[in-house]
Amino acid sequence: MKTAFITGITGQDGSHLADLLIAKGYEVHGVIRRSSAFNTGRIMHIYQDVHQEDVRLHLHYGDLTDGDPLMRLLDKIQPDEIYNLGAQSHVRISFDAPLYTADVAALGTLRMLEALRSLGADHVVRFYQASSSEMFGNSKETPQNENTPFRPTSPYACAKVFAFHQACQYREAYGIHASNGILFNHEGPRRGETFVTRKITRGLARIMDGKDQKLFLGNIDAKRDWGYVADYVEAMWLMLQQDEPDDYVIATGKMYSVRDFLDRAFSLVGRDWRDFVEIDPRYFRPSDVAELCGDASKARTKLGWAPSTDFDELVRIMVAADLEAENLDPTKYGL
């Protein structure tokens, strides 16, 4: 049985990755931060779906801002694969908390790599670093691929560029099997409620339930390459199954605006988003990326990976899930 170690396991990506790895027979260990409130909602179903003697998910308290406990955990667990997904990942918030964002996303990655290096050469571990399309910023070329220069335009993106290059440096200097997954936007029903796609689908559900009258958004003209998170965590796993480490863009190759997302979501329930959405300047970023679109040709060729869920189906999945969360019947709208 293989053993995997996941930082950020309570997030959207971490929870879907845990589902995938457990289905593949892994024993999964995840790091969670100590909090006065439960933050394990996205992975609680894993505990509920298995018998006590078959529990293969183990949680440990830790934090990417504190390297020593990470070293002790890796030494104790001796994982076969490490997936470093933990970060302060909200781009807008990174402008308000740049030091914290860098400490977790940039230096946190360096701490993980040092903890991995401390295991020594006798134990071969494969390392996945969660990189981001935000690193490309306002790129001069579209679509972006693995050779496109980075032009980060936010503290979050700058932190991710640092982490990307550290993973490459540890790969070259120490022979660590470290791969960067440059993932473009990937969404699903477990997406955090402050991210625009989930903000739209949750807000729509609350409007349909009569709890809210308006939905407040920032720049709805920004264009992104949106995929489904379950497809993207499979790409993470595939990267660590390769004989040689490498860096891969993971994307659909199709670009849609926030306005497009609104159109699709509200039309599913027979509403016009213009009657409910107001633009609030407070949600604009000090500097923004106009459009991002990825070229995943390398992943298709070398990993055999391709997205299985298109944009319209992604929106449908998210709208249906949030309607159910508000105790509304999605089948009433044909969902």
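In the predicted model, helix H7 passes helix H11 in a right-handed crossing. H7 spans residues 196-208 and H11 spans residues 311-325. Their axes lie 9 Å apart and meet at an angle of about 45 degrees. The two helices are therefore oblique to each other. On the H7 side, the contact is made by Thr197, Arg198, Thr201, Arg202, Leu204, Ala205 and Met208. H11 contributes Met318, Val319, Asp322 and Leu323. Six of the residues in this contact are nonpolar, two are polar and three are charged.

An open sheet is formed by seven strands. Their order is S3-S2-S1-S4-S5-S6-S11, and the pairing is parallel. Strand S3 (57-61) and strand S11 (247-250) stand at the edges. Each has a single partner strand, so one side of each is left without a neighbour in the sheet. From one strand to the next, the twist averages 20 degrees.

Within the sheet, strand S5 (residues 126-132) pairs with strand S6 (residues 177-183). This pairing is parallel and runs over seven bridges. Phe127 stands opposite Ala178 in S6. Helix H3 (residues 67-77) packs on the sheet. H3 touches strand S1 (3-7), strand S2 (27-32), S3 and strand S4 (81-84). The direction of H3 makes about 165 degrees with that of S1.

Gln78 lies in the loop between H3 and S4. Most residues other than glycine have a negative phi. Gln78 has a positive value, with phi near 50 degrees.

The peptide bond from Thr142 to Pro143 is cis. Its omega is near 0 degrees. Most peptide bonds, in contrast, are trans.

Side chains of opposite charge can pair when their charged atoms come close. The structure holds 26 salt bridges. Among them is the pair formed by Arg285 and Glu134. The closest N and O atoms of this pair are 4.0 Å apart. Arg285 lies in the loop between strand S13 (277-279) and helix H10 (297-303). Glu134 lies in the loop between S5 and helix H6 (155-174).

Terms used. Residues are numbered from 1 along each chain as its sequence is written. This is a predicted model: local features need pLDDT of at least 70, side-chain atom pairs count only at pLDDT 80 or more; totals for chains, interfaces and linings use all residues. Side-chain values use heavy atoms; hydrogens and water are left out. Axes are lines fitted to C-alpha atoms, for helices over the stretch in contact, and angles run from 0 to 180 degrees between N-to-C directions. Helices (H or I, at least four residues) and strands (E, at least two) are DSSP runs, numbered from the N terminus. Angles under 35 degrees count as roughly parallel, over 145 as roughly antiparallel, 65 to 115 as roughly perpendicular and the rest as oblique. A crossing is left-handed if the near helix is turned anticlockwise from the far one by less than a right angle, and right-handed if clockwise. Contact means heavy atoms within 4.5 Å. Ala, Val, Leu, Ile, Met, Phe, Trp, Tyr, Cys and Pro count as nonpolar, Asp, Glu, Lys and Arg as charged, and the others, Gly among them, as polar. Two strands pair if DSSP finds at least two bridges between them. A salt bridge is a side-chain nitrogen of Lys or Arg within 4 Å of a carboxyl oxygen of Asp or Glu.
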